[in-house]
Amino acid sequence: MKIFDTIAAISTPRGKGGVAMIRISGGRALEYASAVFSPKNGVLLSDIESRHAVYGDIRERDAAGNETVIDDGIATVYRAPNSFTGEDTVEICCHGGVLVTESVLSACLAAGCRQAEAGEFTRRAFISGRMSLSQAEDLGALLEAKTHSQMLLSRSGLDGYLTRDIRGVYEDLREILSSVYAKIDFPDEDLSSLNESEMRIRVERAEEKLAALERTYKAGHAVREGVKTVICGRTNAGKSSLYNSILGRDAAIVTSIEGTTRDVLEQTASLGKVTLLLCDTAGLRDTEDEVESIGIERTRRAIEDAELIFAVFDVSRDLSDEDRFLLDDISSLPGAVVAILNKCDIEENAVTVKEISERIDRCVKISAKMGDGMEQLRETVEDLFDCGEIDLRTDSIVTSARQRASILRAIESLGSARAALLAGVTVDICGTDIECAMSALAEIDGREVTEDIVSEIFSHFCVGK
């Protein structure tokens, strides 16, 4: 990637629409945009004030140098460093037809722009210091958000709450390290602002702050990445009704006929703040039907891989052999299990409820058909993934495995530094551990990170972003 080139790309989705936008960014953005866009008021585009828009003609030039007006539109000028990328930027809005949009981009490329690579605008914003690497990750997640909770979480990341707290710990460690260096370099002079006891207390505080941040990853992962969730149970227990109730629409066929669902149905849904990668599965039973048998085998594999299992039981009836086999199977699995005591609108079988409650800790009574009990199910799932008390709009939340791994390395290094101070060993050993912790934290916002990691993050962005 040549970061000194002036780049251009279409930054709106391809297809018909009222308006499309072509973004130009780089040192010669105003020059190249002026070759394409002519303001109607006669003012040169290069004289337009930053963050001002102007109406004009959009032109293309043929091989002979003849100019043709291909559309009219609006150009908005953003001058460095007050732009998204930190560079001079011009955004040209034209009518949203596919051909006209491509023609405007082609005119920009002919004027001297280079076609932007995937995520290059955001990458330039990161390089110029307009956003941290973690904020860039949140921007990518915002573009891909499928639930309202994902949108709120990504927005809070863009607002820099996590970046702020990580940098706060980093600055605390830098102050401690300066005292360590003062003791090492000038052992006979009282130049250190902290004694060794105060250093240990400050290291412990930093360690506690990072541990609190690390604990938010369970919630961050549940919202951002989603929890692989399997709905399972015997035939006609109400699995598909629960599936439809969570999705809020009739996505699965519901009938009184057993064996209606023969494959694993998958959808992304939100249950409160938690994003569920939701699977409705074939009912567990013995069957001679070859197709249904394949579906049941897929159900068993899905249960084994699940992070969350909704085991559905019809509590208006006695437990069947299939129910008891399911209770035996899920008791040994690593995924969290919630027993769904369905059909509570019908008179419940007290023996059935008692037997299930003795085997599974988390039980929720619902009527999937009537929609009763869904609020309790939401609260149960949010508590399972530590989302109940968290504020997605303002709390600092760790959302990626990359961020969490860096925090864990920093915690480990600070633990070693604390142990060294407690043992009374020389402070230079403590200083080395603090430096390692600072280096790990610097990876989160991109101050110290490999090119491979940066390239991997931005490779998931669309070309226009």
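## Helices H14 and H15

In this predicted model, helix H14 (residues 401-423) packs against helix H15 (residues 427-445) at an angle of about 165°, and their axes are 8 Å apart. An angle over 145 degrees counts as roughly antiparallel, and H14 and H15 are therefore roughly antiparallel to each other. Their crossing is left-handed.

Who meets whom here? On the H14 side, the contact includes Arg402, Gln403, Ile407, Ala410, Leu414, Ala417 and Leu421. H15 answers with residues including Ile429, Asp433, Ile434, Ala437, Leu441 and Ile444.

## Helices H5 and H8

Let's turn to another pair. Helix H5 (residues 148-158) and helix H8 (residues 217-224) cross at roughly 125°, and their axes come within 9 Å. H5 and H8 are therefore oblique to each other.

Ser149, Gln150, Leu153 and Ser154 of H5 make the contact with Gly220, Val223 and Arg224 of H8. Sorted by type, the residues of the contact divide into two nonpolar, four polar and one charged.

## The two sides of H11

Which residues of helix H11 (residues 321-330) are buried? They are Asp323, Leu326, Leu327 and Ile330. As a reminder, an α-helix has 3.6 residues a turn, so residues three or four places apart point the same way.

The face of H11 turned away from this buried side carries Asp321 and Phe325, both exposed.

Note on methods. Residues are numbered from 1 along each chain as its sequence is written. This is a predicted model: local features need pLDDT of at least 70, side-chain atom pairs count only at pLDDT 80 or more; totals for chains, interfaces and linings use all residues. Side-chain values use heavy atoms; hydrogens and water are left out. Axes are lines fitted to C-alpha atoms, for helices over the stretch in contact, and angles run from 0 to 180 degrees between N-to-C directions. Helices (H or I, at least four residues) and strands (E, at least two) are DSSP runs, numbered from the N terminus. Angles under 35 degrees count as roughly parallel, over 145 as roughly antiparallel, 65 to 115 as roughly perpendicular and the rest as oblique. A crossing is left-handed if the near helix is turned anticlockwise from the far one by less than a right angle, and right-handed if clockwise. Contact means heavy atoms within 4.5 Å. Buried means under 20% relative accessible area, exposed over 50%, partly exposed in between (1.4 Å probe, protein chains only). Ala, Val, Leu, Ile, Met, Phe, Trp, Tyr, Cys and Pro count as nonpolar, Asp, Glu, Lys and Arg as charged, and the others, Gly among them, as polar.
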